[in-house]
Amino acid sequence: MSDNPIVSIRNLSKHFGRFKALDDVSLDIHAGEIFALLGPSGCGKSTLLRILSGFETPTSGDVLLDNKDLVPLKPNKRPINMVFQSYAVFPHMSVEDNVAYGLKMEGVAKAEIKTRVEEALEQVHLAQFGKRKPHQLSGGQRQRVALARVLVKKPRLLLLDEPLSALDAKLRDAMRLELVKLQEAVGITFVIVTHDQAEAMAIADRIAVLNEGRLRQVASPSQLYQKPVDAFVADFVGTIHCFDIDSAAQEGDAMRVNSALLGTVKLPSDAVAHSFDSAHSSSAESVVAIRPEHIHVAAQQPLTADVALLGSLGDIAFQGQHSIVEIMLDGRASLTAVTTNSDAQALHAAGTGSPVWAHWSGSDMLLLPKDAKGAFS
Amino acid sequence: MPKHYRNKKKPFEYSKKWSLRSVFLLATLFLYVPIIVLIVFSFNNSRRGGNVIWKGFTTKYYDKAFNNEDLMLAFGNTLTIAIVATIASVILGTCTAILLWRFRFPFKPLVEGLVSLPIVIPEICMGVSLALFFSAMGWLGNTSDIWPFNLSNIMIAHITFCFPFAAMVIRTRLQSFNREMEEAARDLGATEFQVFKDILLPHLKPGLVAGALLSFTLSLDDFIVTFFTSGPNTVTLPVKIYSMVRFSVTPEINAASTILILLTLVLTFFALRIQTKDDSIL
């Protein structure tokens, strides 16, 4: 990745009346990467996309494209193009005319338009469909038209608003792979907005997690999963079980954490989120957390386990490659653990409600602030 | 042994009930028989149009109608007024519809109400108010004005009651416009005007056709408002037919009416064809 960002967003805010859609967001997007904006609905990710495309003006802050100020440019003057959530394919124009429209607006010569349109349709495997009208195409094909329509313009930046949300599950998986391949082939920087963490994880080189208008973390998918900056991010990018703590104190290389439910646990220093500091050591500010795939389930009390909790066996859900086992903890809460199918079958034989032990190692745990203020990359 | 059921009527198969069939038939007769009689008796070889005794087939009353200079002048006036009023109504209606659809401004509900007011106001009141307005302005179809400017006050009167209908139809069409399409075109490099020309207008086309058709037929057969705003030299077909009826009812009137009916039917047919063709795209 180059050090020179293609897009630089500095202290960007967008207020709608009293509502802060974006609150002091700063991030860089590098040339040639797939960058995902991830967050629950209303987190500001779409507002950010609309600021990049020029349909919204920021309240304050800067947006630079190739080190040039982007904000004063109108949407039709930006070297940025967007694939809309509804695809917004023009229904009265043929597929060819749809794809050619952007080039016509640029004033490209007719002969060149023809070859470039053919090339773009080839890229999205729609070469045979040029003469068709959009209503003669399936939803997936319409999306390809929308893609070809922007690829043909060879933009500096390509924005995709929830590109896979309208497709059925099977097509979505295929399209995920195809988007990545397409991006590699054309080398254009993609910015994808999505609320689906699995989609972001699968496609993106880097992900920015937003919540309530604030940037929570920018990181690669694996880093985001393994080193979340706070409890919100950890929970948003995958299932995680959080436990309130009473206190946390440094003890040599490790961190000693006291929790009502878990007792005293020693966490190695790399289990402590780097956003964690002494200000977070009070009980109200932080949690210790464990992901389901790190929880082991046993019928007998384990001899050596940093944490072991006695519970009763709940439901077992068969997932295909693995099973998910629910462990009911004394009326207070339940845990889920990912187990192999054979282990799940053995547990199933014991019967629902039978006592089981959930145990895990302290080094698999994370000590996280509930809410890390500011952005950490 | 399999059971046999009598062929019972299913729900909504109303057309199979003889009682409902006869009601339908009677209603249709009631609506269309007078028109058919009118057309048939335009070919009646009788001196009186009101005469319902068939005296043989003739087309002489069509000849007479086409050679009646006053009648033809009125016919020409009617068409001129209708065409001008239609074009103006569609343009004004489109502008009004886009204004009400796209923008927010103070007193918008009031403006919306005012726009649709001519639809609900009794036509006779509109006729009187327009007549008073034009006479106060001294603008009463001057004989000295050259054609078609002598028709200007009737045209203005027709536009006032036609364009709200056009605006309503076009606005309904606008509701189904996906705003992302507009943004997509902007995003691809189109200016505001290009978006309007390339994206919005093609989407509006069925609405424009429907609005135009509505305006044209409303203007074509308007009597009350025209009666109040026309001068002695600016007579339209409905007004002319009315004055002819007051003298004597001849089959010539039947012939003139038949021509008017035919004209509207042909226009409606073409307009509907354009519309159904366009709808298949969407």
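**Exercise 1. Find which residues of α2(A) are buried, and what covers them.**

Step 1: Helices (H or I, at least four residues) and strands (E, at least two) are DSSP runs, numbered from the N terminus. A residue is buried if 20 or more other C-beta atoms, placed from the backbone, lie within 10 Å of its own; it is exposed with 12 or fewer, and partly exposed in between.

Step 2: Go through the helix. Its buried residues are V95(A), E96(A), N98(A), V99(A), A100(A), Y101(A), G102(A) and L103(A).

Step 3: Look at the cover, which includes α3 (110-123) and α4 of chain A. Just past the end of α2(A), G107(A) has a positive phi of about 85°.

A word on the model: it is predicted, so local features need pLDDT of at least 70 and side-chain atom pairs pLDDT 80 or more, while totals for chains, interfaces and linings use all residues. Residues are numbered from 1 along each chain as its sequence is written, with chains lettered from A and ligands numbered from 1 in the order in which they are written.

**Exercise 2. Describe the side of chain A that touches chain B.**

Step 1: Count contacts, meaning C-beta atoms, placed from the backbone, within 7 Å. Here 20 residues of chain A are in contact with 16 residues of chain B.

Step 2: Ask where they come from. Both β6 (80-83) and α2 (95-106) of chain A supply at least two residues, and α2(A) gives the largest share, with four.

Step 3: Sort the chain A side: nine nonpolar, seven polar and four charged. Ala, Val, Leu, Ile, Met, Phe, Trp, Tyr, Cys and Pro count as nonpolar, Asp, Glu, Lys and Arg as charged, and the others, Gly among them, as polar.

**Exercise 3. Work out the strand order of the open sheet of five strands in chain A, and what packs on it.**

Step 1: Pair the strands, asking for at least two DSSP bridges. The order is β16-β20-β17-β18-β19, with antiparallel pairing.

Step 2: Find the edges. β16 (296-298) and β19 (333-339) of chain A each pair on one side only.

Step 3: Zoom in on one pair. β17 (residues 307-318) and β18 (residues 323-329) of chain A share five bridges, and F318(A) has S323(A) as its bridge partner.

Terms used
Contact = placed C-beta atoms within 7 Å. Axes fitted to C-alpha atoms, helices over the stretch in contact; angles between N-to-C directions.
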